[in-house]
Amino acid sequence: MFKVALIGLGNMGELHLRNCRVIDGTRVNAIADKSKSSQRKARSYGVHRVYSDYRELLTKEEADVVVVTVPNFLHKDCVTLAAESGKDIFVEKPLANTVRECEEIKRAVQKNGVRLMIGHNFRFFDCVTEVKKLIDEGVLGDIKIVTFEYVCNGPFTSSSEPRRIPEWYFEKEKLGLGIMDTGYHLIDLQHWLLREEPRILFAGFDHVYQLPYEDSATITSMSGKTRCVTNVGWFCHSKLPVDENFRMVLHGTAGFISTDKLTPNPYFHAIKEGAKNILRRMIGKKIHPLSYAYWSSSYYRELRCFFDCLKEDKPLPITVEDGLKTVKTIEDIYAKNLKSLR
Amino acid sequence: MSRVSLAKSGFTSRQITNAVYEALERIESQISQRIRSALIKVNACFYWDHSTGQTTDLRVVSAIIDYLRDHYGEIDIKIGEADASVMKTRHVFRVLNYVSLAREKSVELVNLSSGKVLEKEVEVGKQILSLPFSKEIFETDFLINVPKMKTHILPTISCSLKNIFGIIAEPYKYQYHSHLEETIVAANRIVRTDLTVVDGIIALGKHPIKLGLVAAGSDPLAVDFVIARIMGYDPLRIGHLSLATREKVGDFKNIEVVGERMEVFRSIFPKRNVAFERFSFDALLRLLRLYARITGDVIPPAID
């Protein structure tokens, strides 16, 4: 049984907590969050060892694994300390806000011999894993052009239900990566699918809202001999978790594919997978958690994958190196090619 | 007689300004008075652009400021909004660019949830409701309500009366949702607006629509009656409007519509079946919770 300590009980923390509760062999024993309402929430989930300071949790708790879902600007301190306390770590993306912070984390992880996985949940979308398979099997031939798109509400949530936005989203220094906080997923996919370090040709940014950072970007880059265009934005109303305005279109010498074609209608998908789970329950089998929620199921699968790898002592699929490479590319985008689209 | 004026606007700043002037000039006899200060209550309910049909278009606000300056000279003008359950006024003013507008037009931005707050009591139906309001609201000579014309899952339409609900100083307004109709009416009985200018440039029905409407009137209930009809609803079947008629918030029996015909806008407004949406949303959530209870599955907090 993995004893899990969770640091940060915001939206993502709560989702990971719910997922931990249905993963066999894991038990969340302790939670740290400085917000009083989050502390109350932790107790409502039956977690009674609640700390307001994660440092205290890391000192006092005998956890095997720490799940870190604190705001981005706290990742470095929190993860480094967790590594020094000898605990394996699952950290929400981004690994950290800067390359320097990522390198500090890397040193701490290596020095203390702990394992760390980052929550790059886009790799766990069914449509993405299918595309990855097609590329690896050579079905599409040589990939020549790829478009990555993820234009969403960002922190502004869906049009149907506004949600409270954490204060740190309004502070550039704390958010760190700006719009590339979302673009991070696409850059990671570019690294992972095309297996080449992207060379940034152009990066243009724009403001739809008067935020202290850009809220949309278009980036063109080369991954080896593949041309990539990445569009990312935080201004589009999409009704999460049903509509996820994400897609990749890949054009290869032998064929093309769009993730839109691989994505089922979310309502039919929910009915189908939900019915299967009810049947499984009726005949005494285990359900497949969150399989009904097409996009959100990726969060369960990534966490499940993390614990399975720890249990079976297998290498983790997403490591410090992946986080470091992604943040490095984002720094390249900002440092070398910052242009306004206006 | 409550006069409601409708003006057709294009979508450029100049056309919007012209439409605002046109709408206001048609009701001028009902609003003219000597004033030294004005407070404009906008709808900036969340960090959403006006093009979504959710928040007031800055160009409408800008035109109203110009109109006030043209008619009343260099009066003190303030733009106000109050914090909401998940929105903070200090952020929304920056994100939606009110900060630049205020600088450009030399007006002040006020957070109606901060500063001195007065607790006001009013009887609605048989309930006595006590609501907090910023003192600023009662100190201004002229209170202008500038709502967005939109449908809303709870009160069906969100326009003049609902925008005054947004003026309540208490940020955690979810607490009023259990008795929303009474609270909207109570807020409107306490806070009397002198003028309402509806931003229907881009309105929200089943989806956002370029409606190009500016409506104005001095009686907010009359304005809401006209807007509800344009949206395709019977105003007397909308809870808070019906209650407002019983509570005599305004005059709904003698409405004179001047300017453009309602039909011009009604014919293109995409009517939203709010009752069905409310029902299906509730039903889906209940089903999901039942499913989760049967299977022990996870519900993402974003849905729950």
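Visitor: How many bridges join β2(B) to strand β3 of chain B?

Guide: This is a predicted model, in which local features need pLDDT of at least 70 and side-chain atom pairs count only at pLDDT 80 or more, while totals for chains, interfaces and linings use all residues. Residues are numbered from 1 along each chain as its sequence is written, with chains lettered from A and ligands numbered from 1 in the order in which they are written. Strands here are DSSP runs of E, at least two residues long, numbered from the N terminus, and helices are runs of H or I with at least four. β2(B) and β3(B), the latter covering residues 76-81, run parallel, and the number of bridges joining them (DSSP must find at least two for strands to pair) is 5.

Visitor: Which residue of β3(B) is the bridge partner of Ala38(B)?

Guide: β2(B) spans residues 37-42, and Ala38(B) has a bridge partner in β3(B). That partner is Ile77(B).

Visitor: How many of the 6 residues of β2(B) are buried?

Guide: A residue is buried if 20 or more other C-beta atoms, placed from the backbone, lie within 10 Å of its own, exposed if 12 or fewer, and partly exposed in between. β2(B) is mostly covered, and of its 6 residues the number buried is 5.

Visitor: Why does Gly8(A) count as buried?

Guide: Gly8(A) is found in the loop between β1 (2-7) and α1 of chain A. Beyond its neighbours within four places in sequence, the residues in contact with Gly8(A) include Asp33(A), Val68(A) and Val70(A), where contact means C-beta atoms, placed from the backbone, within 7 Å. Gly8(A) counts as buried because the number of its C-beta neighbours inside 10 Å is 25.

Visitor: Which helix gives the most to the side of chain A that touches chain B?

Guide: At this interface, 30 residues of chain A are in contact with 21 residues of chain B. On the side of chain A, α1 (11-21) and α10 (266-282) each supply at least two residues. The element giving the most, with 5 residues, is α1(A).

Visitor: What is the radius of gyration of chain A?

Guide: Chain A has 12 helices and 13 strands. The globule rule (2.2 Å times the number of residues to the power 0.38) gives 20 Å for 342 residues, so chain A is as compact as a globular protein of that length. Its own radius of gyration, taken over C-alpha atoms, is 20 Å.

Terms used. Two residues are in contact if their C-beta atoms, placed from the backbone, lie within 7 Å.
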